[in-house]
Protein chains: 6
Amino acid sequence: MTETSFVRADARLPNQLRPVSFLRGFTRYAEGSVLVSFGETRVLCNATVEEGVPPFLRGKGSGWVTGEYSMLPRATQTRSARESLRGKVGGRTYEIQRLIGRSLRAVVDLEALGERTVVLDCDVLQADGGTRTAAITGACVALADALNGLVAKGSLAKSPLREGVSAISVGIIDGRPLLDLDYQEDFSAAVDMNFVITESGLLVEVQGTAEEHPFTPQQLDEMRDLALLGCRDLNLMQKQSLEG
Amino acid sequence: MTETSFVRADARLPNQLRPVSFLRGFTRYAEGSVLVSFGETRVLCNATVEEGVPPFLRGKGSGWVTGEYSMLPRATQTRSARESLRGKVGGRTYEIQRLIGRSLRAVVDLEALGERTVVLDCDVLQADGGTRTAAITGACVALADALNGLVAKGSLAKSPLREGVSAISVGIIDGRPLLDLDYQEDFSAAVDMNFVITESGLLVEVQGTAEEHPFTPQQLDEMRDLALLGCRDLNLMQKQSLEG
Amino acid sequence: MTETSFVRADARLPNQLRPVSFLRGFTRYAEGSVLVSFGETRVLCNATVEEGVPPFLRGKGSGWVTGEYSMLPRATQTRSARESLRGKVGGRTYEIQRLIGRSLRAVVDLEALGERTVVLDCDVLQADGGTRTAAITGACVALADALNGLVAKGSLAKSPLREGVSAISVGIIDGRPLLDLDYQEDFSAAVDMNFVITESGLLVEVQGTAEEHPFTPQQLDEMRDLALLGCRDLNLMQKQSLEG
Amino acid sequence: MTETSFVRADARLPNQLRPVSFLRGFTRYAEGSVLVSFGETRVLCNATVEEGVPPFLRGKGSGWVTGEYSMLPRATQTRSARESLRGKVGGRTYEIQRLIGRSLRAVVDLEALGERTVVLDCDVLQADGGTRTAAITGACVALADALNGLVAKGSLAKSPLREGVSAISVGIIDGRPLLDLDYQEDFSAAVDMNFVITESGLLVEVQGTAEEHPFTPQQLDEMRDLALLGCRDLNLMQKQSLEG
Amino acid sequence: MTETSFVRADARLPNQLRPVSFLRGFTRYAEGSVLVSFGETRVLCNATVEEGVPPFLRGKGSGWVTGEYSMLPRATQTRSARESLRGKVGGRTYEIQRLIGRSLRAVVDLEALGERTVVLDCDVLQADGGTRTAAITGACVALADALNGLVAKGSLAKSPLREGVSAISVGIIDGRPLLDLDYQEDFSAAVDMNFVITESGLLVEVQGTAEEHPFTPQQLDEMRDLALLGCRDLNLMQKQSLEG
Amino acid sequence: MTETSFVRADARLPNQLRPVSFLRGFTRYAEGSVLVSFGETRVLCNATVEEGVPPFLRGKGSGWVTGEYSMLPRATQTRSARESLRGKVGGRTYEIQRLIGRSLRAVVDLEALGERTVVLDCDVLQADGGTRTAAITGACVALADALNGLVAKGSLAKSPLREGVSAISVGIIDGRPLLDLDYQEDFSAAVDMNFVITESGLLVEVQGTAEEHPFTPQQLDEMRDLALLGCRDLNLMQKQSLEG
């Protein structure tokens with residue numbers, strides 16, 4: 001990472017995040033509502049608290065946290081057909097929904113939540129790469145707001161959110177690991193990895209795919225280290241946003 | 001309309017619109033992108049220009065304009081399931097989509113458009129009554145931007161938009177016609193009508209439904225007159241926005 | 001309407017209905033079964049009484065009336081694919097089903113009906129324009145028979161049908177309003193409106209669409225007046241049929 | 001069959017058909033349109049001639065004949081849900097549709113038909129047992145009319161219908177074979193067989209099912225003989241109808 | 001069957017089965033698991049015993065036996081698309097599933113089974129004609145194992161399987177009836193019949209189809225006689241397998 | 001890994017694979033057909049070579065390799081419903097299918113393959129953990145056979161398979177990394193990772209999920225090292241099988 005001649009299109013350093021922001025209270029009815037931006041990527045993360053849990057959990061004294069994900073048809077440079085009109089949800093959507101749910105459950109004390117479900121709806125308004133990592137990172141803030149709301153109205157004594165969680169992508173372009181790829185970089189990358197990491201620096205999810213250019217064990221280490229840095233920064237910004 | 005004691009929850013006059021705004025360029029990839037607000041109702045209207053037309057029009061030298069409509073799950077006070085996950089689109093959605101398409105086609109010279117399709121994606125971010133009227137009114141601005149864009153890049157000599165079009169709801173509460181119902185008013189109204197009216201004051205669509213309290217021919221006249229007023233105002237605001 | 005030279009293909013006056021008939025008891029199992037004809041349009045309207053109500057009404061002491069609509073594949077001049085085989089029901093079908101249900105509920109005392117559901121199946125055997133208006137008008141007769149049947153067997157003290165309801169189309173051809181369009185006229189009309197009107201002359205539904213030729217407020221008045229006349233005639237014929 | 005004390009509910013002999021009628025020209029647009037009655041069972045059989053053939057036959061110089069089958073929701077004593085709304089077609093419907101298609105193709109010279117498709121839509125208006133046999137028997141008459149229509153307008157030199165085909169059910173009740181079961185008999189029968197037989201007495205389809213009371217080879221012979229008699233009678237009635 | 005010059009591709013006699021085998025215990029979790037071979041046709045028949053019955057049987061003290069059928073995509077010479085990915089199950093699959101269920105129920109004392117369901121999953125690993133007959137014949141062995149298992153663990157005093165059941169195809173090639181057609185023969189056959197026959201020689205199902213070459217009543221007799229022979233042999237092999 | 005008291009249920013060492021076998025030629029029609037076993041997990045991997053490529057690749061001179069995955073209903077200890085009958089494919093299935101396709105494409109020279117598609121159908125006959133890793137590992141052998149077949153019949157000069165690829169799971173139980181988890185271990189594991197690794201030791205896919213017990217960066221290293229060992233062994237067995 002010392003080769004000084006390398007320049008990203010937006011002049012970022014290899015280990016630098018895009019500008020990140022969290023706009024809380026973006027819509028008014030959801031228990032938590034955050035418009036998260038990772039550069040030009042914009043995801044609306046709404047947290048809904050519902051009484052009750054899915055059938056497989058009923059009567060077990062545990063709560064549930066789940067996610068849903070969708071892109072508006074014109075979030076992207078060319079329009080995509082709506083999944084509702086195509087009548088079926090694609091594999092990519094399912095993958096991301098499941099990932100969001102697992103990531104958030106990793107930091108919630110589900111028993112302390114009680115028999116409630118929190119649904120995190122992540123709808124991409126504008127997509128410039130990293131929509132799933134932005135979704136997880138923004139959903140964590142919306143979730144915090146929703147759980148704090150339960151505390152504020154006396155339904156819970158303290159928030160069951162154990163710690164924060166965030167996610168970031170890392171890729172390899174021209175043999176060099178880069179943090180937080182935008183769409184153009186993602187398109188050019190030989191490897192695309194996503195990491196979900198807790199505030200305390202533990203790994204919740206590691207997903208790497210390198211269909212055309214398999215990578216070495218050492219490169220895995222380098223990417224992991226970049227992700228740990230990136231998520232530490234994201235976590236700080238989540239906290240500042242919640243305190244703001 | 002002279003009974004002075006009547007008060008709407010937000011102190012509006014019976015013939016007064018809610019605050020209306022058009023935020024152009026809300027997303028960056030669509031050829032036209034408008035976030036329209038009718039009070040607390042927020043609809044993102046994205047216009048996409050695609051080359052080609054649906055099969056039934058091919059080779060006829062005519063363009064096409066169509067609409068799609070969806071609500072985010074938590075646009076409403078309680079969460080609704082996604083139509084994509086339920087695997088089918090409900091009747092209400094189809095009704096509104098068809099209405100949006102017909103309303104916009106009424107003011108476009110489809111032959112002058114050439115063999116192109118403009119898709120108007122209307123996604124409700126927040127719903128407080130009147131989502132379909134806000135969608136049509138905002139979509140008209142997005143459409144104007146998209147068509148002006150075709151002129152700007154030289155694809156068309158002039159915009160095929162013949163005039164503006166807007167839509168408004170009218171209802172009857174306690175026997176009194178009221179303009180632009182919010183969710184709470186809509187819920188209490190005996191009659192719910194939607195009018196789509198061109199800039200030149202012609203009627204494109206009239207839809208009234210009064211399941212529980214059928215209304216008199218005279219009340220139809222009163223509602224029509226309110227709608228003509230409301231749409232005249234909306235049309236002015238559309239123009240101001242486009243000039244802004 | 002004073003221009004004497006105008007002639008409709010079947011020599012009807014502008015304000016004249018096509019020949020209308022109601023054939024009661026067309027099938028033997030339904031609680032009400034009416035084959036209604038509006039000219040060459042034939043719709044079989046079967047009323048089914050079922051104990052119980054949909055989930056959203058359970059335990060509220062109210063009944064329900066709903067409609068379903070379908071066209072046989074070869075009701076039309078060219079064959080259409082079955083919606084069952086295409087695996088989904090089109091937007092037009094949903095629109096009409098919802099319209100039938102609302103129209104009939106407008107004239108039924110749902111509380112007096114008790115926790116029962118009446119389903120009105122409207123299946124078009126032959127289509128020559130005006131299938132939805134014929135369906136509503138015929139379904140009202142089938143509904144009357146079904147509710148009278150509940151009285152006859154002692155389940156109800158009196159019929160919860162408050163009054164009759166009927167429906168008619170009106171359109172504008174060559175600038176002239178015409179009542180009860182057949183398929184050929186519907187195809188040529190600049191405006192197509194459907195009115196649902198109670199026996200006492202109140203409006204239940206008003207639906208007008210004028211994609212290519214928006215119309216003036218005065219034309220709306222003329223069409224409304226024609227529809228009021230037409231529905232008054234239909235209502236007399238419904239009564240004669242039920243007395244016959 | 002000599003036990004004199006046995007009486008069918010409608011006093012028919014064991015080898016006697018219910019009253020059968022064919023009402024040709026029942027609807028006006030289809031190329032052939034027959035309302036067939038087997039007792040209280042009523043099936044509307046509409047034949048549509050379309051140019052072209054399914055993909056697997058294109059360019060092979062052969063035509064195609066296919067069938068579709070559906071029951072109106074209230075054809076039966078209690079209402080059934082529409083397959084279009086349930087979003088899928090049941091196994092029974094598929095079985096019957098395939099049976100109708102195979103049965104009619106057995107008597108048509110598909111090469112002489114040329115690259116045309118005849119669709120036989122069989123919609124049950126009222127069901128009292130034997131709907132599939134009535135459908136096949138009525139569809140043959142509708143098909144004859146449609147093919148004669150092609151001859152009449154000069155598209156074909158002679159009808160490609162080689163001979164008639166009809167279908168009948170046979171069952172065993174109290175050990176006794178009975179022809180043409182009505183719904184009540186069908187419900188009580190130990191065995192339910194359907195035979196499709198050509199005018200020249202050849203077997204096209206034999207379908208017997210005896211889930212609860214398997215039957216002997218000799219009983220198969222007795223049922224086959226009853227069916228041969230029944231179809232001979234049906235074929236005569238088909239011919240009389242077409243000559244009438 | 002005396003014409004000595006006729007030779008089948010594998011030199012079988014007209015009344016000779018292909019080599020048949022039953023491999024019990026093919027998988028380890030199912031209550032009965034049999035890989036049945038009819039020549040090169042291989043079907044894995046797994047029997048699952050579940051507590052409870054479908055809704056229509058609840059509380060009636062009767063059990064249920066049902067079948068499901070599928071082909072692996074590459075069971076055949078050219079690959080077929082998966083029904084799961086096409087999103088719907090074809091008519092042929094439904095037909096065969098229903099046939100398997102009826103065939104097995106014919107030989108089970110459902111009341112003695114108690115409120116249990118046995119599901120017979122028949123998955124074709126390799127298809128060379130006769131997959132449905134192999135499935136029924138193999139499923140009977142898997143069912144026997146599953147029911148014997150209930151006896152072995154004391155849930156039932158004796159097996160509710162009243163007798164064996166098997167199935168075989170018969171066809172007519174060049175006017176000659178042949179037993180147990182392989183794929184190539186099936187393709188060439190003018191008639192294709194399937195018989196399901198109990199150990200005691202009674203007929204449970206008879207299904208014959210002869211779209212292109214209807215057959216005589218005498219040919220039906222000949223095919224039935226071949227099938228009785230074939231099923232007698234299959235039944236002996238089923239017994240040997242269960243004793244082995 | 002030095003704590004001597006730890007014992008796996010089957011007495012394996014922490015870094016030991018279950019018994020692995022490849023049964024080539026398991027079915028006769030597929031161009032490659034391998035029954036792979038990882039302990040009690042059995043997956044049938046069939047490779048089909050089809051001329052042509054999906055639409056997005058047409059005319060680009062490149063081939064395609066894709067995977068499909070399914071479990072037989074009774075592959076597992078309790079029966080699961082068929083995805084074909086539920087009418088939709090679950091998210092887990094989509095995830096695995098996409099993983100299989102990407103993994104195999106990573107080792108094929110798609111341009112050298114030419115405009116052909118190889119479909120790898122992986123159907124799980126028996127599931128005891130690790131079905132996706134067994135599927136990838138077995139599919140690689142089936143793919144090798146199918147590509148060698150193209151060479152054998154002269155369609156290709158040499159096989160476009162650049163090197164082998166295999167996959168293995170690693171988990172953490174009681175803080176200890178273990179290779180190749182069976183179902184019981186998988187159920188107990190705090191972390192579940194899957195690695196896909198080429199013959200040359202490069203990483204193609206890394207997927208780790210730790211919903212309940214996030215793990216440290218060091219544990220990621222330990223798991224990666226175990227996986228590198230396991231895949232090296234698997235690759236040797238793949239080669240022996242192909243030479244056998």
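A search of the whole structure, a predicted model, turns up zero disulfides over all chains. A disulfide is a covalent bond between the sulfur atoms of two cysteines; here the rule asks for a pair of cysteine sulfur atoms within 2.5 Å. Local features need pLDDT of at least 70, and side-chain atom pairs count only at pLDDT 80 or more, while totals for chains, interfaces and linings use all residues. Residues are numbered from 1 along each chain as its sequence is written, chains are lettered from A in the order in which they are written, and side-chain values use heavy atoms, leaving out hydrogens and water.

- With 3% relative accessibility, B:C231 counts as buried.

- Where does F:A146 sit? F:A146 is part of helix α4, residues 131–152 of chain F (helices are DSSP runs of H or I with at least four residues, strands are runs of E with at least two, and both are numbered from the N terminus).
- Its relative accessible area is 2%, so F:A146 is buried.
- F:A146 and F:E31 are 115 residues apart along the chain, yet their C-alpha atoms are separated by 4.8 Å.
- Leaving aside residues up to four places away in sequence, F:A146 touches F:E31, F:G32, F:A47 and F:V49 (contact means heavy atoms within 4.5 Å).

**Where chain D meets chain C**

- On this interface, 38 residues of chain D are in contact with 38 residues of chain C.
- The two chains bury about 3100 Å² between them, with 52% coming from carbon and sulfur atoms (buried area is the accessible area, with a 1.4 Å probe, that two parts lose on being put together, summed over both).
- In chain D, the residues losing the most area to chain C are D:Y29, D:R74 and D:R79, together 26% of what that side buries.
- How many salt bridges link chain D and chain C? The count is 14 (a salt bridge is a side-chain nitrogen of Lys or Arg within 4 Å of a carboxyl oxygen of Asp or Glu).
- C:R82 forms a salt bridge with D:E68, where the closest N and O atoms are 2.8 Å apart.

Note on methods: Buried < 20%, exposed > 50% of the residue type's maximum accessible area, 1.4 Å probe, protein only.
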